[in-house]
Amino acid sequence: MSAMMASMMGASPGTSSSSSSSSPPSIASTPSIPSRPSSLPVRKIPGSYGWPLLGPISDRLDYFWFQGPETFFKKRIEKNKSTVFRTNVPPTFPFFVGVNPNVIAVLDVKSFSHLFDMEIVEKANVLVGDWMPSTKYTGDMRVCAYLDTSEAKHTQLKKFSMDILKRSSAIWVKTMVSKLDTMWATIESDISKSGSSNIIPPLQQFLFNFLTICITGADPSTSPEISKAGFALIDTWLGLQLLPTVKVGILQPLEEIFLHSFQYPFWLVQGGYNKLVKFIEEEGTEVIQRGEKEFNLTAKETVHNLLFMLGFNAYGGFSLLFLALVNALGDDQNPGIQEKLRNEVREKIGTDSSKLSFEAIKELELVQSFVYEALRLNPPVPLQYARARKDFKLTSYDSVYEIKKGELLCGYQPLVMKDSKVFDNPENFEPGRFTEEKGQELLNYLFWSNGPQTGSPSESNKQCAAKDYVTLTASLFLADMFQRYDSITISSGSITAVKNAN
């Protein structure tokens, strides 16, 4: 299940901008992108949903089997001669009754930005599209990720999640470094014994133990079973929810028949999930009581939202991001990048791990840019959805499109973030892309967190509450690595050698 997950998915961190608006910055503000003249033509949205049942099934087979997600969208851009068009996305008939796969794809930065304007779109129950996994996976309730900003419960839960992060900032870095000691010791032992180490299990165990302490206040070391197998329980719980929407890459047509044709029942993971619930209830009492007393949440609401925040938002996202970082370090297209990152870390911070802090990390311009570039090309959540709250006009670079209330918009982030009107050499991983003044300006158009990197999470928007923690934590991961090692050698997803710091 860990391998399947990989194929899927000091001071408190400061924000990158003083903006706290729920709407993204205007794309017209960048000189390289055309402004929004009133003379833009109103164009009928191209594309088609095809025949009922047959059209969605055909698109599903292309999406998962014959083309894959990125090629699926690219070919339809070419066919429709537009980055805005109608199509279908999985899951579909026959066993997803009541699910409407019809979407309007928005695949350039300018049109994509409408997905985050909460005045014109809403986000109720569209985390993974028109289909929503059973609420049995989340304690028979809609957790914060499935709520729209207009719902009162969203405000309570978003404030609660931001409060958790603020309070945990005092122990975040210290806890992370401590758990990294264990992770790297395991990797070094594996290399010594067998010549290589599959990074996924020790990485995920590190993330689970570190994040569980910081987010829930519960220490997995108090439960040998949870400490050892908690990350695997999360993997299975998360994987079964998302399988109908994710290309895994196993032998077709087996993947289509068994993974994409129906949703998996909760009872398959019920035992493991209940173990996690019980652990949080027993060991995370302080955080649970704070949810009840300060944010008017029930104990049940608190526990299940904590587990979703831990498992989906934090653990799931960091697992994919950290693997992307490690793979980028070993990519032959980035020659010399380890030396450059190592030099920056040691010049600015040195090799003393006690010097690591959120503030110190903010001085590492190249390290942070490396993280941003990994997020640009490998966003942990590739698809973004939003439903039109009202009729409105959506603008791309050359046309205006009329969107009707209730229509579902869909953006595939890995492709949107290769928009050549915004990013030079968009297909290439360029570690220094987000450095200097031009790079800082590009952060306005870096979307990975349900909003722009320069936006600020609040109860009035759906931007990831931990947006700044994610980028700084990923930067801490790299800084810690190059304090420990002069270099690491990566081959086929495994670490085959580490060279200790001189």
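Helix 12 and helix 17 are roughly perpendicular to each other (an angle of 65 to 115 degrees). The structure is a predicted model, in which local features need pLDDT of at least 70, side-chain atom pairs count only at pLDDT 80 or more, and totals for chains, interfaces and linings use all residues. Residues are numbered from 1 along each chain as its sequence is written, and side-chain values use heavy atoms, with hydrogens and water left out.

**Helix packing**
- Helix 12 (residues 337–348) packs against helix 17 (residues 467–484) at about 90°, with the axes 9 Å apart; helices are DSSP runs of H or I with at least four residues, and strands are runs of E with at least two.
- Gln-338, Leu-341, Arg-342, Val-345 and Arg-346 of helix 12 meet Ala-479, Phe-482 and Gln-483 of helix 17, where contact means heavy atoms within 4.5 Å.
- The residues of this contact comprise four nonpolar, two polar and two charged.

**Nonpolar core**
- The largest nonpolar core has 155 residues, and Phe-73, Leu-211, Phe-322, Leu-325 and Phe-477 touch the most other members; such a core joins buried residues (under 20% relative accessible area, 1.4 Å probe, protein chains only) through side-chain atoms within 4.5 Å.
- Helix 11 (residues 299–329) supplies the largest share of this core, 17 residues.
- Leaving aside residues up to four places away in sequence, Leu-325 touches Phe-370, Val-371, Ala-374, Ala-474, Phe-477 and Leu-478.

- An open, antiparallel sheet is formed by three strands in the order 4-10-9; pairing requires at least two DSSP bridges.
- Strand 4 (197–198) and strand 9 (485–491) are the edge strands.
- Two bridges link strand 4 with strand 10 (residues 494–500), and Ser-197 has Ile-495 as its bridge partner in strand 10.

How values were computed: Axes are lines fitted to C-alpha atoms, for helices over the stretch in contact, and angles run from 0 to 180 degrees between N-to-C directions. Angles under 35 degrees count as roughly parallel, over 145 as roughly antiparallel, 65 to 115 as roughly perpendicular and the rest as oblique. Ala, Val, Leu, Ile, Met, Phe, Trp, Tyr, Cys and Pro count as nonpolar, Asp, Glu, Lys and Arg as charged, and the others, Gly among them, as polar. Buried means under 20% relative accessible area, exposed over 50%, partly exposed in between (1.4 Å probe, protein chains only).
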